[in-house]
Amino acid sequence: MPPTPPPSSPPGKQMLSERVYAHLRDAIMRGEHAPGAPLKPQDLAKEQGVSLAVVREALVRVVGEGLADRLPNRGFAVPSFSDHRWQEIAEARRSVEPVILRMSIERGDLDWEARVRAAHHRLVRTPAYAPEESEYYTAAWAEAHRAFHRSLLEGCGNRALLETFDRLWTASELARRWSAHRDPDRDGPREHRELEEAVLARDADTATAVLVRHLTMTAAVLTDDPSRTT
């Protein structure tokens, strides 16, 4: 006989857990919980009016996304600026994405070029900040940013490589937000324009060099003096 599947959570609990997870994820992304700050289940349960079990389920999900850490005998906390994972993720992206980009430039067709141009146009036209949301960039801009970077690589035609990009992108989202917040004078639009121009010119050497510099700058900001905040 096939094994009996474990019982699932009641629908009501699942809905509560989803709501608390979405709230907690957004709060971390918006900077409402500072880097290194503890995430106390009791406080979150009281704030959201739910049980500890619901909060712990939500916390396990944000830990799985790299937005929180589970600390032995110390509960949960937001990762810190100095966490080595950000540099490891950046190193992985610098190793993988230029290779995919070069393949994309070699293999991409005219439809791919059109998608790159459209994704860049959307990124340029999407406001990065909205005062009513937070000091961090908006969810709409974050999605336009992701779509642009992914469009650059989609010409490679290799689904496994694109799935690798997707995983690394998700893992680096929090670091990206922190980096932008700490370095508000960085000229991101110029960097993205240079990427688009080099890619559409089919200049793989320039495009990969620009991409490596772009990724390096994002991670480098998080190694600065932690007192440097905006």
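Ala114 counts as partly exposed, at 46% relative accessibility; buried means under 20% relative accessible area, exposed over 50%, and partly exposed in between, with a 1.4 Å probe and protein chains only. Ala114 is found in helix 5, residues 110–125. Helices here are DSSP runs of H or I with at least four residues, strands are runs of E with at least two, and both are numbered from the N terminus. His33 is 81 residues away from Ala114 along the chain, and the two C-alpha atoms are separated by 40 Å.

A word on the model. This is a predicted model, in which local features need pLDDT of at least 70 and side-chain atom pairs count only at pLDDT 80 or more, while totals for chains, interfaces and linings use all residues. Residues are numbered from 1 along each chain as its sequence is written, and side-chain values use heavy atoms, with hydrogens and water left out.

Now the chain as a whole. The protein chain has ten helices and three strands. Read from the N terminus, the elements run α-β-α-α-β-β-α-α-α-α-α-α-α. The C-alpha atoms fill a box of roughly 60 × 55 × 30 Å along the principal axes. The chain has 230 residues, of which 44% count as buried. Take the contacts, meaning heavy atoms within 4.5 Å, with a separation of 6 or more: residues 24 or more positions apart account for 70% of them.

The three of them form an open sheet in the order 1-3-2, with antiparallel pairing; two strands pair if DSSP finds at least two bridges between them. Strand 1 (38–39) and strand 2 (69–71) stand at the edges with a single partner strand each, so one side of each has no neighbour in the sheet. Strand 2 pairs with strand 3, residues 75–77, in the antiparallel sense over three bridges. Which residue in strand 3 is the bridge partner of Leu71? That partner is Gly75.

Pro38 lies in strand 1. Not counting residues up to four places away in sequence, Pro38 touches Phe76 and Ala77. Leu168 is 130 residues from Pro38 along the chain, and their C-alpha atoms are separated by 25 Å.

Helix 4 (residues 84–107) packs against helix 10 (residues 204–220) at an angle of about 160°, and their axes are 9 Å apart. Axes are lines fitted to C-alpha atoms, for helices over the stretch in contact, and angles run from 0 to 180 degrees between N-to-C directions. Helix 4 and helix 10 are therefore roughly antiparallel; angles under 35 degrees count as roughly parallel, over 145 as roughly antiparallel, 65 to 115 as roughly perpendicular and the rest as oblique. Helix 4 passes helix 10 in a right-handed crossing. A crossing is left-handed if the near helix is turned anticlockwise from the far one by less than a right angle, and right-handed if clockwise.

In helix 4, the residues that meet helix 10 include Ala90, Arg94, Pro98, Leu101 and Ile105. On the helix 10 side, Ala204, Thr208, Leu211 and Leu215 are among them. The residues of this contact of helix 4 with helix 10 divide into ten nonpolar, three polar and five charged. For that count, Ala, Val, Leu, Ile, Met, Phe, Trp, Tyr, Cys and Pro are nonpolar, Asp, Glu, Lys and Arg are charged, and the others, Gly among them, are polar.

The axes of helix 9 and helix 10 come within 8 Å and cross at roughly 160°. Helix 9 and helix 10 are therefore roughly antiparallel to each other, and their crossing is left-handed. Residues meeting across this pair include Glu191, His192, Leu195 and Val199 in helix 9, and Ala207, Val210, Leu211 and Met217 in helix 10. The contact of helix 9 with helix 10 divides into seven nonpolar, three polar and three charged residues.

Now the loop between helix 9 (188–200) and helix 10, where Arg202 has its place. Most residues other than glycine have a negative phi. Arg202 is not a glycine, yet has a positive phi of about 60°. Arg202 is partly exposed, with a relative accessible area of 30%. Ala201 is in this loop too and counts as exposed, at 55% relative accessibility. Ala201 and Glu113 are 88 residues apart along the chain, with their C-alpha atoms separated by 9.9 Å.

Last, Phe148 in helix 6, residues 139–153. Is Phe148 buried or exposed? Phe148 is buried, with a relative accessible area of 0%. Leaving aside neighbours within four places in sequence, Phe148 is in contact with Val116, Ala119, His120, Leu123, His192, Leu195 and Glu196.
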